Amino acid sequence: MPMPVPIVIPLFVFIFGALIGSFLNVCIYRIPEGKSIVSPPSHCPSCGEGVRWYDNIPILSYLILRGKCRFCANRISVQYPLVELLTALAALFFFLKFQLSIVFAILFIFTAALIVISFIDLEHRIIPDVISLPGIIAGFVAALFLPEVGWKSSLIGILVGGGSLLLVAWVYQLLTRKEGMGGGDIKLLAMMGAFLGWRAIPFIIFASSLIGSVIGISVMLIQKKDSKFALPFGPFLAIGALIYIFFGSRIISWYLNFGAYGG
Ligand SMILES: [Zn+2]
């Protein structure tokens, strides 16, 4: 029985997202090591055996192999199917919200970059300049095609995004004599400002700080780590940016209405 058309296209978009996610895994694994992301083909980091094409099906292969290498039974990180699933879901949600449009393409590429940055930051505590710096330029160019952003808002976004975190980092350092925020976070927020415009910046800082604090305190309570324990901030900035993309305009208009009636 043929599948009805309304399901076929979203299914293809989901599979496309999962395949891109598979490529993002390669980026996450190789960029911090300064290796090429195009060659050599994927292999098991434990036994060096090449990954067969039939074991390279996003999400499914991990489940079929039960998370183990076919040859040496070494555990495969759950990060691989997780990244594939997240990328597939991002593609699907953007498709449902924006159809196959230029906005879809821009936001999907932006989100793909955020996924790579977040997982590298979680693992290595760095945000690679090779993504964030070209990302600032790419975001500025992309903003020309986003009617709700435009080049002026993008340019101000780069300055406000970079500048505000620089200020927060400076004040934090002044108060605590500790380095809290890395330069990588500053460049990442500048990149977000470039893609989403300056209006996104206060929201992203607020949302990421809130979520970061809640999760940071929970982790400290569970693991009983002291206050010197610091989570990487990049993934929280990424979550803040994604919340802004999906709900930002609604939350901001609610806030403005509330301000108008409440104030
Ligand atoms: Zn192996």
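Predicted model: local features only at pLDDT ≥ 70, side-chain atom pairs only at ≥ 80, totals over all residues.
Figure 1. Cys44 and Cys69 link distant parts of the chain, 25 residues apart. Cys44 sits in the loop between α1 (5–30) and α2 (60–64). Cys69 belongs to the loop between α2 and α3 (79–98). Both Cys44 and Cys69 are buried.

**Figure 2. Geometry at the zinc ion.** Four SG atoms coordinate the metal, from Cys44, Cys47, Cys69 and Cys72. Their distances to the zinc ion run from 2.3 to 2.4 Å. The 4 donor atoms subtend angles of 107 to 113° around the zinc ion, so the arrangement is tetrahedral. The criterion requires all angles to lie between 85 and 135 degrees.

**Figure 3. The fold as a whole.** The protein has 9 helices and 0 strands. Read along the sequence, the pattern is α-α-α-α-α-α-α-α-α. Of the 263 residues, 40% are buried. Among contacts with a separation of 6 or more, 68% join residues 24 or more positions apart. The accessible surface is about 15,400 Å². Carbon and sulfur atoms hold 71% of that surface.

**Figure 4. The largest nonpolar core.** This core has 53 residues. Phe110, Met191, Met192, Leu196 and Ile204 have the most contacts inside it. At least two core residues come from each of α1, α3, α4 (102–124), α5 (129–143), α6 (150–176), α7 (183–196), α8 (200–223) and α9 (234–262). α4 gives the most, with 14 residues. In soluble globular proteins, nonpolar side chains tend to be buried together.

**Figure 5. Surroundings of Phe110.** Residues up to four places away in sequence are not counted here.

**Figure 6. Helix α3 and its end.** At 1.5 Å a residue, the 20 residues of α3 should span 28 Å. The end C-alpha atoms of α3 are 28 Å apart, which agrees. Buried residues of α3 include Gln79, Pro81, Val83, Glu84, Thr87 and Ala88. Also buried in α3 are Ala90, Ala91, Leu92, Phe94 and Phe95. Gln99 follows α3, and its phi is positive, near 55°.

**Figure 7. Ser153 in helix α6.** Ser153 lies in α6. Its relative accessible area is 7%, so Ser153 counts as buried; the cut-off for buried is under 20%. Leaving aside neighbours within four places in sequence, Ser153 is in contact with Gly193, Gly197, Trp198 and Arg199.

Figure 8. The bond from Ser39 to Pro40 is cis. Its omega is near -5°. Pro40 is found in the loop between α1 and α2.

Figure 9. Arg66 is not a glycine, yet its phi is positive, about 50°. Arg66 lies in the loop between α2 and α3. At 68% relative accessibility, Arg66 counts as exposed. Arg125 has a positive phi of about 60° and is not a glycine either. Arg125 is placed in the loop between α4 and α5. With a relative accessible area of 45%, Arg125 is partly exposed.

Note on methods. Residues numbered from 1 in each chain as written. Heavy atoms only, no water. Donors = N, O, S within 2.8 Å, 3.2 Å for Na, K, Ca; no water. Tetrahedral: all angles 85-135°; square planar, octahedral: opposite > 155°, others 65-115°. Helix = DSSP H or I, 4+ residues; strand = E, 2+ residues; numbered from the N terminus. Buried < 20%, exposed > 50% of the residue type's maximum accessible area, 1.4 Å probe, protein only. Contact = heavy atoms within 4.5 Å. Areas by Shrake-Rupley, 256 points an atom, 1.4 Å probe, with all protein chains shown as cover. Core = buried A, V, L, I, M, F, W, Y, C linked by side-chain atoms within 4.5 Å. Expected span 1.5 Å × (residues − 1).
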